[in-house]
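These are my notebook entries on a structure that I looked up region by region.

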Amino acid sequence: YGGPIPPGYLNVQGRGRVDYEYRIGRYEVTTAQWMEFVNTYSVLGGSWTFFAEPQHWGAVPDPSYTGPGERHMLNPSLPNAAMSPVYGISWRESAMFANWLHNGKASGTWAIENGAYDTSTFTTNANGTFNDQLTHNPGAKYWIPTFDEHLKAAHYDPNRYGPGQGGYWMFSHRSDEAPIGGPPGVGQANTGFFRPNFGHLDIPLGSYPDIQSPWGLLDTAGMAKEHTEFWGLPEGRYVERGARGSTAGGGP
């Protein structure tokens, strides 16, 4: 990236180069996808009962399920609950999701322990620093995007300055101007506004179909933040893994 960086934004000068082919999801992980993952282990009961349960999503406990543990179902009162974003999941939970996908969605607990990331490294020191594996295994079939992979997929346009003349946009909807926040059909992202009872969080993924990155990614502004493998934070602290993008109700 070579453009000017506005005050308050992460410095991405010189970042974004990816000289290999890779795939990245057009959508953020949906409630339906995350619910399948959670239900695989929450029904084990005990300490697994609340495994990887998000802070907000489109699922609710299934009242017909009597145990062990807990099973979730799509919220019947929420339109298109399957496509609701998933808010408030940790980087380590995302890494275990990648392991699970790598291992073919197997039901054994071994399936979340390794594949893309070795969870035995997921330990935290007394001073808040962590020892987690910094990058995915070379043979991983699925992984959390690297910072550069996400930056390129969201901002790089191979025809930015004309056919075959690539460059980066400041914002991820092929513009150097911030997306206009507002409800679907009014704005370009669900940022900058709120609905009663956190209804702005329930806007389904893909509700702004004409607002895409140059590569066709949807909802890179608004919805939930996207995890990356990025680990550097101000003052060199390693408190949590990096997340990119804006979030529902917040700024662009």
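I took buried to mean under 20% relative accessible area, exposed over 50%, and partly exposed in between, with a 1.4 Å probe and protein chains only. I took helices (H or I, at least four residues) and strands (E, at least two) as DSSP runs, numbered from the N terminus.

Basis. I worked on a predicted model, in which local features need pLDDT of at least 70 and side-chain atom pairs count only at pLDDT 80 or more, while totals for chains, interfaces and linings use all residues. Residues are numbered from 1 along each chain as its sequence is written, and side-chain values use heavy atoms, with hydrogens and water left out.

Entry 1, helix α3. I looked up the burial of helix α3 (residues 147-155) and found nine of its nine residues buried, so the helix is largely enclosed by the rest of the structure. The buried residues of α3 include Phe147, Leu151 and His155.

I noted three helices and six strands in the protein. Along the sequence they follow the pattern α-β-β-α-α-β-β-β-β. Of the 252 residues, 47% count as buried. Taking contact as heavy atoms within 4.5 Å, I found that residues 24 or more positions apart account for 56% of the contacts with a separation of 6 or more.

For axes I used lines fitted to C-alpha atoms, for helices over the stretch in contact, with angles running from 0 to 180 degrees between N-to-C directions. Helix α1 (residues 31-42) packs against helix α2 (residues 91-102) at an angle of about 85°, and their axes are 11 Å apart. That makes α1 roughly perpendicular to α2 (angles under 35 degrees count as roughly parallel, over 145 as roughly antiparallel, 65 to 115 as roughly perpendicular and the rest as oblique). From α1, Gln33, Trp34, Glu36, Phe37, Thr40 and Tyr41 meet Glu93, Ser94, Met96, Phe97 and Trp100 of α2. By class, this contact has six nonpolar, three polar and two charged residues. I counted Ala, Val, Leu, Ile, Met, Phe, Trp, Tyr, Cys and Pro as nonpolar, Asp, Glu, Lys and Arg as charged, and the others, Gly among them, as polar.

A cis peptide bond joins Gly67 and Pro68, with omega about 5°. Pro68 lies in the loop between β1 (59-61) and β2 (72-74). Phe198, not a glycine, has a positive phi of about 60°; Phe198 is in the loop between β4 (167-168) and β5 (226-227) and is exposed at 54% relative accessibility. Asp219 also has a positive phi, of about 65°, although it is not a glycine. Asp219 is in the loop between β4 and β5 and is buried, with a relative accessible area of 5%.

On a 1 Å grid over the protein atoms alone, a cavity is a set of points where a 1.4 Å probe fits but cannot get out; a pocket is an open set with protein on both sides within 12 Å along at least five of seven lines; lining residues have an atom within 4 Å of a point. Points are joined across faces, edges and corners, and a volume is the space filled by probe spheres set on them. I found one cavity of 30 Å³ or more. Of the 14 residues that line the largest cavity, Gln188, Ile211, Asp219, Thr220 and Ala221 are the closest to its centre. The largest cavity has a volume of about 80 Å³. The second largest pocket has a volume of about 200 Å³, and its lining has six nonpolar, no polar and three charged residues.
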